[in-house]
Amino acid sequence: MLANVNVLLLDYALGSLKRQGGKSVFILIVLSLLIFLLASVLMIADAIKLELNTTLKTLPQITLQRFVAGKQTNVSLSRVDTILAFNGVERVMPRVWGYYYFKPAGVNFSIVGVDAYEEPYKKRLSELTRTFDLLTLEKEGGMIVGEGVKNVLQENYYSDFFNFITPKGERYPLKIAGVFHSDIALESNDLMLVPKQAAYAIFGMSPEEATDIVVHVNNPVEIPTIVQKITERYPDLRAITQDDLRISYQNIFDYKSGFFLSLFIVCVFAFFIVIYDKASALSSEERREIGILKALGWRMSDIVHVKFYESFVMAFSAFITGFCAALFFVYVLQAPLLRSVFIGYSELKPPFRLPFSVDVKMIVLLFFLSVPVYIAATLIPAWKAACLDADEVMR
Amino acid sequence: MIRLHHVYKRFAQGDEAIEALSDVSLEIAQGECVVLRGASGSGKSTLLSLIAGLAQPSSGEIRVLDREISKLPEHLSALFRRAHIGFIFQKFHLIPGLNVEENVIAPLIPANLPLHVLQEKARAKMEALCIASKAKRDVRRLSGGEQQRVAIARALINDPVLILADEPTANLDAKLSTELIEHLYMLKQSGVTLLIATHDPLFFDLAFVDRIIELKNGRIV
Ligand SMILES: Nc1ncnc2c1ncn2[C@@H]1O[C@H](COP(=O)(O)OP(=O)(O)OP(=O)(O)O)[C@@H](O)[C@H]1O
Ligand SMILES: [Mg+2]
């Protein structure tokens, strides 16, 4: 392949691009911009999909909430054993969580009760926490708080502990045993992770109850059946499955990106018309040049070769430029402006960093959407011009 | 050298057909200098492009150097031109933006020869025409006379045996026309076959012109 490249023809093509000056620059800029936009959108969509999937994996398979008179209320712990007895159920976890209104600052803290010794939490907690003292958490009555909580408490002169007021009006002090890493600050900002019995006391809940119940099953295929069995047994329980969540996330994401894509396609189309117009319309000088070269003994294929080199160099440099710019824009700058198009998604979940994921399939798709299409769009008219009788130059 | 046998060339223009050439038969020997004379629209340029293989006759046969050029496929006729024919156009038809040397080597760029070989060939031609000192200058910044010499150097780069000139003096003043005729005379001396299409009277009583063929409405008279 490389041996077949006539260096002088290639050089002629490069010179010809240089001679066209402004036109080349214009096409290069528009084409790069086009590829940049396409690549950015594909990358953002890809990154969000990836983030979505990781998030979904951490969501519980089934969450059971009890509704009375249309309002969510606590569930009796006695149901845990009944549910655990259903075929296919692997694990059942009652959860205690809620909000605590802190009057002096006028803010709500999110309180989640955990058993620090429960396997799923132990490892995660030490990963997520800056300073973490398990002993304080369990034995002496401590808690792990988010950066935001810590700041609010400090402003109100609670530097190492906090006095909760229970519904009965009693004080319930908890030591600050750890603070979450700042890199998950956005998700943990208002969070207080407290021992379960502390959560019961703070909320004034009966220890025989839970806020909701999370169910894990052996075989995800059985989820619908198990949900059906549970809701038949307990009609006041409402089940939210991973699939429900997935669908609602996905719907919002697809809606946003679909809306965006249709707008985007219109833009691409408009751009393409501009490009096609500029790139394919041969000026009378170009046509004359083709005529001269033919009369001088150039074959049609020589002329087409030159045009091929021209448009390949053009499309390829635009591809590289646009693609690199998109990489920088999406992953380094975190896609300002474009990202907000998908804002519906980030309403569900606090802002996040777009995870780096370059899909080879996407690069290939992008390449074939741009480079060969552009080359074809410029080669066909050049070929046609080269086919015409060269006698225009004879007049 | 050149043999045309009952050549016709028609152009379709809307519904009616224009007969640019009708029943043209002629023969030109090697080393001859022939002037093709005729009013505007008489078919001179058409005849030249047929002989160069740039277009094909509607009927009839054209042989150049004993090769039937009218039947050659496009790529072979291009190679044939590259190997044997030099072209001098009316208005020079240099490629703007390229320098003198690049213009001169343009016909041989697709030939896949090393650049230095092409540059040596070009140097020889440019020296013969006294434009070697301007080799790197953009052709748009040359005088009319210099441009003309670049056009001649380009026509000679492939050492052609046949030179076709289409109204070579059409855009030249008297002095440059005389200069051009001197160059053509030197080419004729070196044994090149010349076919010059023109209606410039300057050519009609030149000593080195062997023959004048007159075209009228596409026919030889
Ligand atoms: N591509 C074409 N399509 C249609 N008609 C053409 C074409 N080329 C030439 N003709 C017609 O053929 C006739 C001969 O044209 P040609 O260019 O050979 O004349 P010419 O003798 O070279 O004239 P001039 O001295 O003006 O250059 C003219 O009537 C011209 O209009
Ligand atoms: Mg003419």
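How many helices and strands are there in chain B? In this predicted model, chain B has six helices and 10 strands. Its radius of gyration is 17 Å, close to the 17 Å that the globule rule gives for 221 residues, so chain B is as compact as a globular protein of that length. Here's a quick tour.

**Overall build**
- Picture a box of roughly 50 × 40 × 35 Å along the principal axes: that's what the C-alpha atoms of chain B fill.
- Of the 221 residues in chain B, 55% are buried.
- Take the contacts in chain B between residues at least 6 apart in sequence: 71% of them join residues at least 24 apart.

**Surface and charge**
- Chain B has an accessible surface of about 9500 Å², and carbon and sulfur atoms account for 49% of that.
- Positive side chains number 26 and negative ones number 26 in chain B.
- The centres of those two sets of charges lie 3 Å apart.

- Strands of a sheet pair through backbone hydrogen bonds, either parallel or antiparallel.
- In chain B, four strands form an open sheet in the order E2-E1-E4-E5, and the pairing is antiparallel.
- Strand E2 (16-28) and strand E5 (67-68) of chain B sit at the edges with a single partner strand each, so one side of each has no neighbour in the sheet.
- Further in, strand E1 (residues 2-13) and strand E4 (residues 59-64) of chain B run antiparallel and are joined by five bridges.
- If you want to spot a pair yourself, look for B:Leu4, whose bridge partner in E4(B) is B:Ile62.

Technical notes:
Residues are numbered from 1 along each chain as its sequence is written. Chains are lettered from A and ligands numbered from 1 in the order in which they are written. This is a predicted model: local features need pLDDT of at least 70, side-chain atom pairs count only at pLDDT 80 or more; totals for chains, interfaces and linings use all residues. Side-chain values use heavy atoms; hydrogens and water are left out. Helices (H or I, at least four residues) and strands (E, at least two) are DSSP runs, numbered from the N terminus. The radius of gyration is taken over C-alpha atoms; the globule rule is 2.2 Å times the number of residues to the power 0.38. Buried means under 20% relative accessible area, exposed over 50%, partly exposed in between (1.4 Å probe, protein chains only). Contact means heavy atoms within 4.5 Å. Accessible areas come from the Shrake-Rupley method with a 1.4 Å probe; for residues, only the protein chains shown count as cover. Lys and Arg count as positive and Asp and Glu as negative; His and the chain ends are not counted. The place of a charge is taken as NZ of Lys, CZ of Arg, CG of Asp or CD of Glu. Two strands pair if DSSP finds at least two bridges between them.
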